[in-house]
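Here's a quick briefing to read with the model open beside you.

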Amino acid sequence: MQFEAKEYYQASLERMKEARKIYTGGSSYALAMYCGGLAVECLLRAFRWKKDKTFEGRHDLGDLFKASRFLKIDDEYLRDKGASDEAIRKSGATLHATINLVGILWHNSLRFASEAKLKKHLHQLDRLKGIKKDPLKKNALDLLNHAQTLIDRGVVLWT
Amino acid sequence: MDLKEKITIALLKDLKAEYVRLEEEDGISGFVVSAKFKDMSTLDRQGAIEKVLSKALTAEELRRVLMIAGFAREEYETVGASIRVHKIREKAGGGLEILLNGVLSDAEYVRGAFCTEKGIQTTDPRPAPGAVGVSMSFQAKGTEANPLTKERVLQILKKTRYIEVMPNA
């Protein structure tokens with residue numbers, strides 16, 4: 001199957017919706033996290049496709065973020081709309097911080113991960129410390145909120 | 001009533017939305033600005049939007065909604081964008097043409113600013129190619145007894161949130 005920008009964009013929004021439903025259902029935080037990161041990957045592929053139609057097989061969100069020109073598009077959008085330099089800088093910093101957090105927590109191999117494996121993965125990332133209740137739920141929520149922030153921005157830039 | 005209209009009405013009513021922008025291309029996506037989203041996480045906003053839409057739409061209609069992003073007023077004012085009105089032209093015959101930068105939903109939003117004013121009629125927005133920085137336009141007209149002036153248009157637009165009237169418009 002081959003995909004175009006619009007199809008990546010649509011898939012991105014649908015995956016994000018599903019990620020939230022899976023998270024809310026509480027049956028698999030590994031799958032919720034996978035879908036949330038996948039939504040971001042689809043979004044970045046959608047923006048990348050506009051500039052470069054070749055297929056990029058890797059799933060590195062940091063690389064895709066650069067290739068998508070998401071920051072540049074955000075910058076141009078805000079400049080075009082007359083935003084202040086401070087607002088543009090702040091928006092860029094938020095996007096950077098957001099993609100960094102998603103990039104730390106998400107990996108394409110999460111699709112193979114059980115809840116137990118996810119816990120080990122989060123332990124290796126030192127993401128279990130200081131969380132009294134369910135650490136998987138907390139990390140899934142962190143990832144999904146950041147993923148949703150990127151998707152929300154993507155929707156504004158796309159529409 | 002088409003689906004975009006149905007969604008807009010539900011969001012305006014139940015979320016007290018201040019601005020709704022929707023696009024349809026193999027599904028509906030867009031965003032809504034509401035003061036209710038202040039101090040709410042992005043994920044919880046989706047929950048609130050879904051709750052409203054679940055009440056207002058059928059299951060089949062819901063499947064056509066890809067996603068509607070939620071923004072608090074302050075966020076949208078910082079990283080969002082005002083709709084720029086570039087020119088207000090007086091037309092022969094008494095009407096005025098309003099030229100703006102944006103897509104159809106932006107033009108509909110600007111046009112909506114006149115809806116609450118008595119005795120003003122507006123035309124459907126249409127693309128306005130050629131002019132630099134302008135992409136849509138529509139016309140507004142008052143009555144014979146109470147004609148619409150450029151000053152009144154400026155007053156109406158300037159008091160409407162998310163609209164920026166450019167200097168020399």
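A residue is called exposed when its relative accessible area is over 50%, and buried when that figure is under 20%. By that rule Asp26(B), with a relative accessible area of 57%, is exposed. Keep in mind that this is a predicted model.

**Where the chains meet**
- On the chain B side, 29 residues are in contact with 28 residues of chain A.
- Together the two chains bury about 2,500 Å², and 56% of that is on carbon and sulfur atoms.
- Between chain B and chain A there are 8 residue pairs in polar contact, both partners at pLDDT 80 or more.
- The elements of chain B that give two or more residues to this side are β1 (19–24), β2 (28–33), α2 (42–56), β3 (65–71) and α4 (73–79).
- β3(B) brings the largest share, 6 residues.
- Sorted by type, the chain B side has 11 nonpolar, 11 polar and 7 charged residues.

**Salt bridges across the interface**
- Chain B and chain A share 3 salt bridges.
- One of them pairs Glu50(B) with Arg20(A), with the closest N and O atoms 2.7 Å apart.
- Asp26(B) also makes a salt bridge to Lys6(A), where the closest N and O atoms are 3.0 Å apart.
- Asp26(B) sits in the loop between β1 and β2 of chain B and Lys6(A) in helix α1 of chain A, so this pair joins two chains.
- Which is Lys6(A), buried or partly exposed? Lys6(A) is partly exposed, because its relative accessible area is 27%.
- Lys6(A) and Asp26(B) belong to a network of salt bridges that also takes in Glu25(B).

**Salt bridges within a chain**
- Over all chains, the salt bridge count comes to 30.
- Arg45(A) pairs with Glu41(A), the closest N and O atoms being 3.0 Å apart.
- Both residues lie in helix α2 of chain A, 4 residues apart, or about one turn of the helix.
- Arg45(A) counts as buried because its relative accessible area is 7%, and Glu41(A) counts as buried because its own is 4%.
- Leaving aside neighbours within four places in sequence, the contacts of Arg45(A) include Tyr8(A), Phe55(A), Glu56(A) and His59(A).
- In chain B, Asp106(B) forms a salt bridge with Arg21(B), with the closest N and O atoms 3.1 Å apart.
- That pair links distant parts of the chain, 85 residues apart: Asp106(B) is in helix α5 (residues 104–112) and Arg21(B) is in strand β1.
- Asp106(B) and Arg21(B) are both buried.

**Nonpolar cores**
- The largest nonpolar core has 86 residues, and those touching the most other members are Phe70(A), Phe31(B), Ile98(B), Leu100(B), Val110(B) and Leu157(B).
- Helix α2 (residues 29–51) of chain A gives the most to this core, 15 residues.
- A second, separate core of 19 residues includes Ile7(B), Leu11(B), Leu15(B) and Val20(B).

- Asn139(A) is in helix α7 (residues 135–158), and it counts as buried because its relative accessibility is 0%.
- The side chain of Asn139(A) makes a 2.7 Å polar contact with that of Arg127(A) and reaches the backbone oxygen of Pro135(A) at 2.8 Å.
- Gly26(A) lies in the loop between α1 (5–25) and α2, and counts as partly exposed because its relative accessibility is 34%.
- Gly26(A) and His123(A) are 97 residues apart along the chain, with 20 Å between their C-alpha atoms.

Conventions. Residues are numbered from 1 along each chain as its sequence is written. Chains are lettered from A and ligands numbered from 1 in the order in which they are written. This is a predicted model: local features need pLDDT of at least 70, side-chain atom pairs count only at pLDDT 80 or more; totals for chains, interfaces and linings use all residues. Side-chain values use heavy atoms; hydrogens and water are left out. Contact means heavy atoms within 4.5 Å. Buried area is the accessible area (1.4 Å probe) that two parts lose on being put together, summed over both. A salt bridge is a side-chain nitrogen of Lys or Arg within 4 Å of a carboxyl oxygen of Asp or Glu. A polar contact is a pair of N or O atoms within 3.5 Å; within protein, one must be able to donate a hydrogen and the other to accept it, and residues adjacent in sequence count only if both atoms are side-chain atoms. Ala, Val, Leu, Ile, Met, Phe, Trp, Tyr, Cys and Pro count as nonpolar, Asp, Glu, Lys and Arg as charged, and the others, Gly among them, as polar. A nonpolar core is a set of buried Ala, Val, Leu, Ile, Met, Phe, Trp, Tyr and Cys residues joined through side-chain atoms within 4.5 Å. Buried means under 20% relative accessible area, exposed over 50%, partly exposed in between (1.4 Å probe, protein chains only).
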